[in-house]
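Hello,

Here is the structure I promised to pass on to you.

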Amino acid sequence: MRTEQEMYDLILKVAREDERIRAVYLDGSRTNPNAPKDIFQDYDVVYVVCETADFIKDREWVSRMFGEILYMQRPDEFPDENTDITKCYGWLMQFADGNRLDLHVETTEFAKAGFFDDSLRKILLDKDGILPEITESNDKNYWVKKPAFQEYSGTCNEFWWCLNNIAKGLWRKELTYVQDMANHVVRPQLTKMLSWKIGLATGWSAAVGKSGKYMCRFLPGEVWQEYLSTWFSCDVNEAWEAMLLMCTMFERTAKEVGEGLGYEYNRTEAKNSRMYFEHVRTLPEDAKEIY
């Protein structure tokens with residue numbers, strides 16, 4: 001596996017020898033002093049170029065320049081309405097030696113227009129001085145942000161309202177539906193509330209990472225383990241218990257966050273939602289009515 005220094009040397013060698021490439025900057029975790037360093041960190045690199053067409057047309061360019069590729073993705077070949085490959089184009093590459101490089105080419109105008117959008121950015125090369133000066137890379141853009149009351153109350157409502165979908169899914173034993181609702185709708189509200197708890201404790205100066213992966217750094221060990229226990233397999237009884245734990249965690253955390261922010265927590269909504277959830281659990285399989 002090529003070392004970090006070997007990868008940087010190669011990235012810069014390619015840039016220096018290609019007149020079409022005028023600058024190079026780095027994004028992502030390798031610019032974040034608070035991100036853990038390990039063998040799976042990829043290299044998020046942008047080449048600032050005069051135009052993108054030549055790079056896109058040459059299908060073998062990245063293989064010739066960077067080595068054997070196990071597999072790759074060209075996400076901009078599956079464009080949406082916001083994609084303009086004349087301004088930006090990328091290759092996501094997993095190399096045979098284990099390294100991963102996410103490489104983009106951007107026109108000068110496009111790069112400059114969005115250069116301050118991300119605080120995790122480091123200039124590696126600028127042949128013409130075309131990129132603006134930036135401060136030292138940091139994760140400030142990713143710090144947990146203090147919610148307005150509307151966002152706080154909406155998060156509480158989304159958690160307690162969508163709980164009824166999980167209740168009926170568990171009663172029907174529709175486990176794929178339950179998993180989807182729990183993992184993509186309900187639990188994210190708990191994750192958000194826990195991140196606000198961390199925000200309060202740190203003065204809104206902490207980044208919890210994608211999907212809350214760094215929350216373990218800030219939460220007490222027993223709270224983190226409790227949070228992990230809200231995940232469950234496709235076992236109905238296990239799912240009921242995990243969801244009840246999630247309810248307990250959410251209510252406790254939402255009250256704490258509400259008090260810290262001076263926001264009123266809707267106790268009636270929470271009480272009635274949980275009461276309904278627990279009642280559905282007691283219904284026989286052949287129940288003809290809910291109440």
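Below are the things I found, grouped by topic.

This is a predicted model, in which local features need pLDDT of at least 70 and side-chain atom pairs count only at pLDDT 80 or more, while totals for chains, interfaces and linings use all residues. Residues are numbered from 1 along each chain as its sequence is written, and side-chain values use heavy atoms, with hydrogens and water left out.

Let me begin with T31. This residue sits in the loop between strand 1 (21-27) and strand 2 (43-49); helices (H or I, at least four residues) and strands (E, at least two) are DSSP runs, numbered from the N terminus. T31 has a relative accessible area of 7%, so it is buried. Here buried means under 20% relative accessible area, exposed means over 50%, and partly exposed lies in between (1.4 Å probe, protein chains only). A polar atom of the T31 side chain is 3.5 Å from the backbone oxygen of L120. Apart from neighbours within four places in sequence, T31 is in contact with L26, L120, R121, K122 and S137, where contact means heavy atoms within 4.5 Å.

Next comes helix 6 (residues 175-202), which holds L175. L175 is buried at 13% relative accessibility, and its contacts, leaving aside neighbours within four places in sequence, are L170, C234, D235 and V236. K197 counts as buried, at 18% relative accessibility, and touches L219, T253, E256 and V257 when residues up to four places away in sequence are not counted.

Most residues other than glycine have a negative phi. K173, in the loop between helix 5 (149-172) and helix 6, has a positive phi near 60 degrees. W204, in the loop between helix 6 and helix 7 (221-228), also has a positive phi near 60 degrees.

How many disulfides does the structure hold? There are zero, a disulfide being a pair of cysteine sulfur atoms within 2.5 Å. For C88, the closest cysteine sulfur is in C50, 15 Å away, so the two are too far apart for a bond. C88 is buried at 16% relative accessibility.

Now to the charged pairs. The structure holds 19 salt bridges, each a side-chain nitrogen of Lys or Arg within 4 Å of a carboxyl oxygen of Asp or Glu. Here are some of them:

- E174 pairs with R172, with the closest N and O atoms 3.8 Å apart.
- E251 pairs with K255 at 4.0 Å, N to O. They are four residues apart in helix 8 (residues 236-261), so about one helical turn separates them. E251 is buried at 19%, whereas K255 is partly exposed at 27%.
- R274 pairs with E278, the closest N and O atoms being 3.0 Å apart. These two are four residues apart in helix 9 (residues 267-282), so they too are separated by about one helical turn.
- E19, R22 and D128 are linked in a network of salt bridges.

One last item is M1, in the segment before helix 1 (4-17). M1 is exposed, with a relative accessible area of 55%.

Best wishes

Conventions. Polar contact = N/O pair within 3.5 Å; in protein donor to acceptor, adjacent residues only side chain to side chain.
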